[in-house]
Amino acid sequence: MSEQEFIDKSFAEVFSKQKELPMALYGVGPNSKYILERFADYNIVGLLDNVRTGDTVFGQPVISLAQAKELGVRLIIIVARVNNKMIIYRRIKEFCRENNIDIYYVDGE
């Protein structure tokens with residue numbers, strides 16, 4: 001199964017019931033681009049990336065965690081390589097816990 005097939009299957013299964021919630025994707029790589037194109041009907045309000053904050057990538061603003069809170073983000077989906085997901089999770093978990101924002105990896109974990 002290719003990465004895109006995996007995303008098609010897992011993303012749709014896990015997040016389809018939450019597609020109306022304001023959400024942000026953590027990551028600015030090709031998989032984020034694919035999700036933005038494939039799941040255009042989801043309420044994705046921005047991308048998160050520490051280095052690219054303030055830029056526009058794939059037509060989406062790259063926002064800070066504070067901006068995500070201001071935009072009412074309820075869900076952050078980490079779209080990053082498996083070896084980076086725990087690093088990102090540890091970096092944002094306290095902020096998200098304090099602001100009632102759920103965090104998932106792209107497969108729903």
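**Labels and cut-offs**

At 55% relative accessibility, E13 falls in the exposed class. The model is predicted: local features need pLDDT of at least 70, side-chain atom pairs count only at pLDDT 80 or more, and totals for chains, interfaces and linings use all residues. Residues are numbered from 1 along each chain as its sequence is written, and side-chain values use heavy atoms, with hydrogens and water left out.

Q: Why is E13 called exposed?
A: Exposed means over 50% relative accessible area, buried means under 20%, and partly exposed is in between (1.4 Å probe, protein chains only). E13 has 55%, so E13 counts as exposed.

Q: What makes K9 partly exposed?
A: K9 has 44% relative accessibility.

Q: Why is the contact of E13 and K9 called a salt bridge?
A: The term needs a side-chain nitrogen of Lys or Arg within 4 Å of a carboxyl oxygen of Asp or Glu. For E13 and K9 the N to O distance is 2.9 Å, so the pair qualifies. Both residues lie in helix 1, 4 residues apart, about one turn of the helix. Helices (H or I, at least four residues) and strands (E, at least two) are DSSP runs, numbered from the N terminus.

Q: How many salt bridges does this rule give?
A: The count comes to 8.

Q: How do you know that D8 and R38 form a salt bridge?
A: Their side chains meet at 3.0 Å, N to O, so they pass the distance test. D8 lies in helix 1 (residues 3-15) and R38 in helix 2 (residues 30-38), so the pair ties together parts 30 residues apart in sequence.

Q: Are D8 and R38 buried, partly exposed or exposed?
A: D8 has a relative accessible area of 22% and is partly exposed. R38, at 44%, is partly exposed.

Q: Why is D41 called partly exposed?
A: The relative accessible area of D41 is 47%, so D41 belongs to the in-between class.

Q: What makes K19 partly exposed?
A: K19 stands at 24%, so K19 is in that class.
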